[in-house]
Amino acid sequence: MEVTRFMIPFLLLAILSTTFFSLVKAQNVSEPVLDDSGKAVQKGSNYYVLPVGRGNNGGLQVGSIRNQSTLVVSQNTQSSIGGTVQFSPVDLNESTIRISTDLNVKFTSMAIFGSSAVWTINTDLIPQRYLVTLGGVEGNPGRDTLSNWFKIDKYEDAYKFVYCPGVCETCRPFCGDIGVLIEPNNKRVLFVGSDKPLKVKFQYTKSGITITNNTSPPSPSASIPAKLPTLPFIKVVMCVVICYLINVM
């Protein structure tokens with residue numbers, strides 16, 4: 001009886017502790033990012049990133065500026081919906097994209113040769129400007145990949161992209177909202193530090209386009225397999241010719 005009397009408070013404490021930590025964990029899970037149909041944005045699905053509001057131009061695409069070879073993330077100046085992207089959260093076990101959570105972004109609607117399609121921050125193209133460009137690394141969170149992590153936050157009645165990675169506890173990165181920098185010829189490039197964030201929404205698409213990040217364009221030899229069935233015939237002809245020449249000699 002004495003043992004039972006001491007076991008009951010212990011069991012109650014264990015149950016209360018488990019309940020408490022479960023509630024804390026639930027509170028720490030941020031709400032999901034929603035697409036324009038009200039469904040949670042999912043890892044590995046394709047989405048168009050579309051501007052919200054009048055006069056905000058078109059969707060996002062790949063571009064270049066100032067005759068540089070580095071590809072930048074730009075905004076179409078027309079009403080085009082741009083290219084599709086996929087999101088990958090820092091937590092590999094998480095399939096839902098959530099507010100204020102580190103994630104990678106990559107284009108999935110075009111083949112890009114010689115560069116990764118993953119978004120990253122570049123400070124070399126324009127001094128003192130944190131431009132959003134391509135060439136990042138997907139996954140592997142830490143100090144070495146600090147420039148590849150972005151977040152999605154609520155902004156008024158829609159969303160905005162933010163650069164303020166939390167994948168390195170000892171790092172102190174430059175943080176800021178992502179807006180549009182207008183370059184010559186009216187080129188609109190995404191950059192960090194804007195006092196007017198680009199307000200966006202996400203539109204799901206079933207597009208099955210697959211991106212291939214090769215280091216070089218496809219080789220013409222890719223068409224050779226279609227000619228392979230003719231090789232045995234050629235070998236036979238060559239053998240006949242060689243045998244004829246031997247007999248003649």
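I call a residue buried under 20% relative accessible area, exposed over 50% and partly exposed in between, using a 1.4 Å probe and protein chains only. I am working on a predicted model, where local features need pLDDT of at least 70, side-chain atom pairs count only at pLDDT 80 or more, and totals for chains, interfaces and linings use all residues. I number residues from 1 along each chain as its sequence is written, and side-chain values use heavy atoms, with hydrogens and water left out.

I looked up Trp119 and found it buried, because its relative accessible area is 0%. Phe107 is buried too, at 0% relative accessibility.

I then searched the whole structure for aromatic pairs and got eleven. Rings of Phe, Tyr and Trp (its six-membered ring) pair if their centres lie within 6.5 Å; planes under 30 degrees apart count as stacked, over 60 as edge-to-face and the rest as tilted.

Phe87 and Phe161 make a tilted pair, since their ring centres are 6.4 Å apart and their planes stand at 40°. Phe87 sits in strand E4 (residues 84-89) and Phe161 in strand E9 (residues 158-163), 74 residues apart, and the pair links these distant parts of the chain. Both residues are buried.

Phe107 and Trp119 also form a tilted pair, with 6.0 Å centre to centre and 50° between the planes. Phe107 belongs to strand E5 (residues 103-107) and Trp119 to strand E6 (residues 119-122), so this pair ties together parts twelve residues apart in sequence.

Which residues share one aromatic cluster with Trp119? I listed Tyr47, Phe87, Phe107, Phe150, Tyr159, Phe161, Tyr163, Phe202 and Tyr204.

**Entry: the chain**

I counted two helices and twelve strands. These are DSSP runs numbered from the N terminus: helices are H or I with at least four residues, strands E with at least two. From the N terminus, the order is α-β-β-β-β-β-β-β-β-β-β-β-β-α.

Of the 249 residues, 37% are buried. I took a contact as heavy atoms within 4.5 Å. Among contacts between residues at least 6 apart in sequence, 57% join residues at least 24 apart.

**Entry: the largest pocket**

I checked the largest pocket and noted a volume of about 230 Å³. Its lining has 13 residues, and Asn56, Lys196, Pro197, Leu198 and Lys199 are the closest to its centre. A pocket here is an open set of points on a 1 Å grid over the protein atoms alone, where a 1.4 Å probe fits, with protein on both sides within 12 Å along at least five of seven lines; lining residues have an atom within 4 Å of a point. The volume is the space filled by probe spheres set on the points, which are joined across faces, edges and corners.
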